[in-house]
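Here's a quick briefing to read with the model open beside you. Have a look at the fold first, then come back for the details.

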Amino acid sequence: MTLANVITVAALFIAALWALVKVISGQQERRLSDRFDELGRSMQTIVKAQENNASATQELERELMKWKADLPLQYVLRDDYIRNQTVIEAKLDAMASMLGTAPKRGNQNHAD
């Protein structure tokens, strides 16, 4: 085997290794590109889901604020009810005492 043959075989071997490295790196780059594309699609899906969640959360907040605004109009607190009931009962008691004493006063006025 001559030196030219050895150099040729070595050059062919190095060229084959270089071609193999290029093919493998090309495949790896293509796989990475596919993974990044999939990651981008996943991120877009997540962003859309977050936007939907944000709008749903805003709608819930609006409904809650509306309910909070309507709540005092529809419901009475226990303390307020007790206070109002006490006032009404006091007025009824005052009227009952006035009505109870009215005939007695009326008889006294007619007797004179």
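Which residue forms a salt bridge with R83, and how far apart are the closest N and O atoms? The partner is D80, and the closest N and O atoms sit 2.4 Å apart. A salt bridge here is a side-chain nitrogen of Lys or Arg within 4 Å of a carboxyl oxygen of Asp or Glu.

Before going on, note that this is a predicted model, where local features need pLDDT of at least 70, side-chain atom pairs count only at pLDDT 80 or more, and totals for chains, interfaces and linings use all residues. Residues are numbered from 1 along each chain as its sequence is written, and side-chain values use heavy atoms, with hydrogens and water left out.

**Overall shape**

- The protein has 2 helices and 0 strands; helices (H or I, at least four residues) and strands (E, at least two) are DSSP runs, numbered from the N terminus.
- Helix α1 covers residues 3-74, and helix α2 takes in residues 78-111.
- Along the principal axes, the C-alpha atoms fill a box of roughly 160 × 15 × 10 Å.
- The radius of gyration is 47 Å, whereas a compact globule of 112 residues would come out near 13 Å; the radius is taken over C-alpha atoms, and the globule rule is 2.2 Å times the number of residues to the power 0.38.
- Two C-alpha to C-alpha distances go with that picture: T2 and A69, 67 residues apart in sequence, are 99 Å apart in space, while N5 and V23, 18 residues apart in sequence, are 27 Å apart.

**Surface and burial**

- Buried residues make up 0% of the 112 residues, where buried means under 20% relative accessible area, exposed over 50%, and partly exposed in between (1.4 Å probe, protein chains only).
- T2, in the segment before α1, is partly exposed at 45% relative accessibility.
- N5 lies in helix α1 and is also partly exposed, at 41%.
- M1, L3, V6, I7 and V9 form a nonpolar surface patch with about 560 Å² of accessible area together. Patches are made of residues with over 30% relative accessible area and no salt bridge, with like charges joined within 9 Å and nonpolar side chains (Val, Leu, Ile, Met, Phe, Trp, Tyr) within 5 Å.

**Salt bridges and charge**

- A search of the whole structure turns up 3 salt bridges.
- R83 and D80 both lie in helix α2, 3 residues apart, or about one turn of the helix. R83 is partly exposed at 48%, and D80 is partly exposed at 28%.
- R41 pairs with E38, the closest N and O atoms being 2.9 Å apart. Both are in helix α1 with a spacing of 3 residues, about one turn; R41 is partly exposed at 46%, as is E38 at 41%.
- R62 bridges to E59, with the closest N and O atoms 3.0 Å apart. These two are 3 residues apart in helix α1, again about one turn, and E59 is partly exposed at 38%.
- The mean positions of the 14 positive and 14 negative charges are 5 Å apart. Lys and Arg count as positive and Asp and Glu as negative, leaving out His and the chain ends; each charge is placed at NZ of Lys, CZ of Arg, CG of Asp or CD of Glu.

Technical notes. Areas by Shrake-Rupley, 256 points an atom, 1.4 Å probe, with all protein chains shown as cover.
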